[in-house]
Amino acid sequence: MAKTLMEDDLNRRLVALLQQEGRMSHAELAERLGVSRPTIIDRVKRLEADGILAGYAARVAPAAVNKPNVAFVAVRYKDNNEAIEQRFIKALEDEPDILEAHTVAGEDALMLKVVADTPAGIAERLRRIRALGPMVTTRTTIVLETHWEKAGPSPFPAGEAAGKKAKK
């Protein structure tokens, strides 16, 4: 049986390096991983084609763009209408200060990550969120301090460090 792309140790180490520095050149990746540049180019293309590397973007600190207030907003619908829910989710996507939206299990339907310049700005975004969908309620948790954020899940099995070689 053939290995999947992420069962390959070189691919996992490649993904881990790209998570640390997405702008690293193919030449530098090849040097760090001890393989040829064409090997890296081929691996990156395959990882992109398979959807493992979903894109490249700059991570911007909210405070750096004068939006240091971060909140997580749980959204509930009072009416269970899938068409309305899909329109609501699409409308949320157009809101620039809503950074993430996740459908969740439990009493809440969605979990959003929202940023703003002030606590009053968070309140304004909450009013806009509630206005986007009929019969929507929200519950908000304000972030007091962010200790760290990761660029994505580790490509390594739980407990295995990025620098360790996989056992054969």
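**Strands, cores and a pocket in a predicted model**

Glu100 touches Met111, Leu112 and Lys113, not counting residues up to four places away in sequence; contact here means heavy atoms within 4.5 Å. The structure is a predicted model, in which local features need pLDDT of at least 70, side-chain atom pairs count only at pLDDT 80 or more, and totals for chains, interfaces and linings use all residues. Residues are numbered from 1 along each chain as its sequence is written, and side-chain values use heavy atoms, with hydrogens and water left out.

Glu100 is found in strand β2. Helices (H or I, at least four residues) and strands (E, at least two) are DSSP runs, numbered from the N terminus. The C-alpha atoms of Glu100 and Lys113 are separated by 5.0 Å, yet the two residues are 13 apart along the chain. Glu100 is partly exposed, because its relative accessible area is 34%. On this scale, buried means under 20% relative accessible area, exposed over 50%, and partly exposed in between (1.4 Å probe, protein chains only).

Strand β2 runs antiparallel to β3, and five bridges join them. Two strands pair if DSSP finds at least two bridges between them. Thr103 stands opposite Leu110 in β3. β2 and β3 form a hairpin with six residues between them. In the turn, Gly106 has a positive phi of about 110°.

β3 also pairs with β1. Seven bridges join these antiparallel strands. Val70 has Val115 of β3 as its bridge partner, and Ala74 stands opposite Met111 in β3. Ala74 also stands opposite Arg139 in β4. Strand β4 covers residues 136-142, runs antiparallel to β1 and is joined to β1 by seven bridges. In a regular strand the side chains alternate between the two faces of the sheet.

Both β1 and β3 are mostly covered. In β1, seven of nine residues are buried. In β3, six of the seven residues are buried, so this strand is largely enclosed by the rest of the structure.

The largest nonpolar core has 16 residues. Such a core is a set of buried Ala, Val, Leu, Ile, Met, Phe, Trp, Tyr and Cys residues joined through side-chain atoms within 4.5 Å. Val75, Phe88, Leu112 and Ile129 have the most contacts inside this core. Two or more residues each come from β1 (69-77), α4 (82-93), β3 (110-116) and α5 (119-132). Apart from this core lies another, of 14 residues, among them Leu10, Leu14, Leu29 and Ala30. In soluble globular proteins, nonpolar side chains tend to be buried together. Leaving aside neighbours within four places in sequence, the contacts of Val75 include Phe88, Leu112, Ile129 and Val136.

The largest pocket is lined by 39 residues. On a 1 Å grid over the protein atoms alone, a pocket is an open set of points where a 1.4 Å probe fits, with protein on both sides within 12 Å along at least five of seven lines; lining residues have an atom within 4 Å of a point. Ala57, Ala58, Arg59, Lys150 and Ala151 lie nearest the pocket's centre. α1 (9-20), β2 (98-103) and β3 each supply at least two lining residues. α1 gives the most, with four.
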